[in-house]
2 protein chains.
Amino acid sequence: MMTGELTLVAANKTFGGWNKRYRHTSATLGCEMVFTIFLPPGASAESPVPVVYWLSGLTCTDENFITKAGAQRIAAELGLALVAPDTSPRGEDVPDDPDKAYDFGLGAGFYLNATQQPWSSHYRMYDYVVAELPTLIEQAFPVSDVRSVMGHSMGGHGALICALRNPGRYCAVSAFAPIVNPMAVPWGQKAFSGYLGLDRQSWREWDASVLMETAAERLPILIDQGDRDDFLDTQLRPEILQEVAARVGHPMTVRMQAGYDHSYYFIASFIEDHLRYHAEALKG
Amino acid sequence: MMTGELTLVAANKTFGGWNKRYRHTSATLGCEMVFTIFLPPGASAESPVPVVYWLSGLTCTDENFITKAGAQRIAAELGLALVAPDTSPRGEDVPDDPDKAYDFGLGAGFYLNATQQPWSSHYRMYDYVVAELPTLIEQAFPVSDVRSVMGHSMGGHGALICALRNPGRYCAVSAFAPIVNPMAVPWGQKAFSGYLGLDRQSWREWDASVLMETAAERLPILIDQGDRDDFLDTQLRPEILQEVAARVGHPMTVRMQAGYDHSYYFIASFIEDHLRYHAEALKG
C-alpha cells in the first residue's frame with residue numbers, strides 16, 4: 001500500500017450520513033494507521049463541509065469516540081465531518097513500552113514528536129494529526145480546509161497543544177477532562193521523559209500551560225470537567241491552566257460538571273454543546 | 001449472594017441521570033446475571049418512572065445497547081428508565097454450544113424457556129425477562145409497573161413474543177431488524193431444535209408470526225429494518241409478519257430504512273423515534 005492510498009475497512013450508514021473506517025500507510029509514522037471519518041448527509045465536492053478532529057485518550061483507538069460519544073447525530077444536523085485518528089503508531093515494527101503499561105507506548109502517543117530512541121522513528125503523532133492526516137482528508141473527501149480540534153484526557157492535551165502551536169490553523173478548540181499541564185503530573189512526566197528525554201526544557205513546547213503564556217493567537221477554549229473524575233486532582237488539574245489563562249488574558253471557559261466521571265458517559269452528555277460551539281466558529 | 005440481592009458493579013452519571021450496572025443471582029436461570037438500568041433525572045419513590053426493557057441480539061451483553069445506542073439522552077428527556085438484561089444465562093455451570101457457535105448457547109438464549117437437556121435447567125430467559133427481572137426492578141428502583149419492550153434482531157424476536165404472549169403486560173412494543181418467524185429461518189431453526197427439540201409443534205408458542213394469528217391483544221407494533229442488512233433475506237424476513245398482520249388486522253408499521261445495515265449505527269439513528277413512540281404509550 002502506497003502513501004496516500006486509502007483502503008476502506010468498514011462503512012456504516014448512520015443518521016443519514018456515513019461512518020467510514022480506513023487503513024492507510026503513514027509516511028510520518030512509518031506504519032499502517034486506521035482512522036474513521038463521519039461524513040454528514042449532503043457533503044459533496046460542490047458542498048464541502050468543515051472538519052472536527054477528535055483526539056482520544058489513553059488506550060483508545062478511533063472506535064471509542066465513534067461508537068460511544070453519540071456525536072454523529074449532531075454532526076449530521078450541523079453539517080460537520082468528524083475525523084477520529086488512533087492514539088499512537090501501531091504494528092509489529094512499532095516499539096511498545098517493555099512493561100506494556102497503558103500510559104506509555106502503544107495507545108499512548110501523547111500527540112507529540114518523540115526525540116529519543118527507540119521512539120523517535122515512529123512516535124510522531126503531532127505531525128500526523130496536524131499535517132499528514134488533514135492533508136490526506138482534504139484530498140480524499142468532500143471536506144473544506146476549515147478545521148477545529150477537540151479531545152479527551154490525553155487527547156484534550158493534544159487538542160490544546162495543536163491549537164496553541166498553530167495560530168490560524170483551527171477555528172475552534174475544546175476539551176473534555178484534558179491533561180493541561182503534563183510537565184507537572186505523573187502521566188505527562190512519564191511520557192515526556194520517555195519520548196523527549198530528561199531535559200525538561202524540551203518538554204515546554206508540548207505543554208498547554210506553558211504554550212499559553214506566549215500564544216500568538218488567543219483562540220477561545222471550552223473545557224468540560226467532571227468533578228467525580230478519578231484523575232482530576234492527580235493528572236488533570238484544570239486550575240493550573242485557568243490560572244495562566246486569567247493571567248495572560250486567554251479566553252477560556254471551564255465548566256465543572258457535578259457528578260460526572262472520566263468516561264464516555266460524561267463525554268456523550270456534553271458532546272452536543274461542544275459540537276454546537278465548534279459549528280458556530282466553523283461556519284461563522 | 002441471595003436471590004433478590006443486588007451488587008452494584010458500576011455507576012456512571014450520564015445526561016443528568018444514572019447508568020447503573022448490577023450483578024444478582026437469578027433463581028429462574030440458576031446463575032449470576034448482570035444487567036444495566038438507566039434512571040432518568042428526577043426518578044424517585046415519589047415520582048416513579050415507567051420502564052422500557054431492551055432485549056439485545058446474538059452475542060451481546062447488556063453493554064452493547066448501553067454504550068452504543070445513544071438512548072439515555074432521550075430517556076432522560078422523556079423521563080423513562082431503561083433496563084438492558086444479558087442475552088443468555090452465563091457462568092461456568094451454564095452449558096454452552098460445544099462448537100462455541102455465536103448463534104446458540106451463551107449469548108444466544110433466544111428469550112424462550114428451554115425444554116431439552118442440558119439447556120432446560122438454565123436457559124429460561126423468557127421467564128427471566130418477563131417475570132423475575134421486572135419484579136426485581138420494580139422492588140429495587142424508583143420505577144412504576146408501567147412497562148414496554150423493544151429489542152434488536154434476536155432481541156426483536158424476544159420483544160415481539162413477550163408482548164404477543166402477555167396481553168396487558170406491556171404498553172408498547174417495537175423492534176429493530178427482528179427475527180419475526182424463527183421457525184422459518186436458520187437461526188431460529190437451530191435454536192429451537194436445540195432448546196425445544198425436534199417437535200415443531202412446540203416451537204409455535206415462541207414464534208411471533210404464529211402467535212400473532214391468535215393474539216388476545218392487538219398492541220400496535222413498530223419495526224425499523226435496514227434494507228442493506230446482510231440478514232434481511234435469510235434470517236429476518238419482515239414480509240412474513242407483515243402478511244400475517246394484514247390478514248388478522250394486527251396494527252403494525254414496518255419502516256424500511258434505505259442504506260442501513262444490522263449494526264448499532266442503524267439502531268442509534270432511529271432509537272429516538274422508538275423511545276418517543278414508547279413514551280407516548282407509557283405516559284398516555
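Strand β5 (residues 81-84) of chain A is covered on both faces. A:A81 and A:V83 are buried on one side, A:L82 and A:A84 on the other. Buried means under 20% relative accessible area, exposed over 50%, and partly exposed in between, with a 1.4 Å probe and protein chains only. Strands are DSSP runs of E of at least two residues, helices are runs of H or I of at least four, and both are numbered from the N terminus.

This is a predicted model, in which local features need pLDDT of at least 70 and side-chain atom pairs count only at pLDDT 80 or more, while totals for chains, interfaces and linings use all residues. Residues are numbered from 1 along each chain as its sequence is written, chains are lettered from A and ligands numbered from 1 in the order in which they are written, and side-chain values use heavy atoms, with hydrogens and water left out.

Stay with β5(A) and look at its partners. Three bridges join β3 (residues 31-39) of chain A to β5(A), and the two run antiparallel. Here A:T36 stands opposite A:A84. Three bridges also join β4 (residues 49-55) of chain A to β5(A), but this pair is parallel. In that pair A:Y53 faces A:V83. Two strands pair if DSSP finds at least two bridges between them.

Helix α2 (residues 71-78) of chain A is mostly covered, with seven of its eight residues buried. These are A:A71, A:Q72, A:R73, A:I74, A:A75, A:A76 and A:L78. A:G79 follows α2(A), with a positive phi near 70°.

Helix α5 (residues 186-196) of chain A buries A:W187, A:G188, A:A191, A:F192, A:G194, A:Y195 and A:L196. Seen down the axis of α5(A), these buried residues fall within an arc of 165°, so they line one face of the helix. The arc is that of the directions from the helix axis to the C-beta atoms. The buried residues of α5(A) pack against α4 and α7 of chain A. A:G197 comes after α5(A), and its phi is positive, near 90°.

Now turn to the annotated residues. In an unreviewed UniProt entry, the annotation "active site" covers A:S153, A:D229 and A:H262. They spread over 110 residues of sequence, yet cluster in space, with a largest C-alpha distance of 10.8 Å. Of these residues, the lining of the largest pocket includes A:H262. UniProt positions are given in the numbering used here, feature names are shortened, and annotations may be inferred rather than shown by experiment. A pocket is an open set of points on a 1 Å grid over the protein atoms alone, where a 1.4 Å probe fits, with protein on both sides within 12 Å along at least five of seven lines; lining residues have an atom within 4 Å of a point.

A:S153 sits in the loop between β6 (143-152) and α4 (154-165) of chain A. At 3% relative accessibility, A:S153 counts as buried. Leaving out residues up to four places away in sequence, A:S153 touches several residues, including A:G57, A:F176, A:W187, A:L236 and A:H262. Contact means heavy atoms within 4.5 Å.

A:D229 lies in the loop between β8 (221-226) and α7 (232-236) of chain A. At 5% relative accessibility, A:D229 is buried. Beyond its neighbours within four places in sequence, A:D229 contacts A:A177, A:L236, A:Y260, A:D261 and A:H262.

Move to chain B for the sheet. Nine strands form an open sheet in the order β1-β2-β3-β5-β4-β6-β7-β8-β9, with mixed pairing. The edge strands are β1 (6-14) and β9 (252-257) of chain B, each pairing on one side only. The twist averages 20° from one strand to the next. Within the sheet, β6 (residues 143-152) and β7 (residues 173-176) of chain B run parallel, joined by four bridges. B:G151 stands opposite B:A175 in β7(B).

Two helices of chain B meet these strands. Helix α3 (residues 125-140) of chain B lies across β1, β2 (17-26), β3 (31-39), β4 (49-55), β5 (81-84) and β6 of chain B, at about 55° to β3(B). Helix α8 (residues 238-248) of chain B packs on the sheet, touching β8 (221-226) and β9 of chain B, and its direction makes about 155° with that of β9(B). Axes are lines fitted to C-alpha atoms, for helices over the stretch in contact, and angles run from 0 to 180 degrees between N-to-C directions.

End at B:D261, in the loop between β9 and α9 (264-283) of chain B. B:D261 is buried, with a relative accessible area of 14%. Not counting residues up to four places away in sequence, B:D261 touches A:A11, A:N12, B:R228, B:D229 and B:F266.
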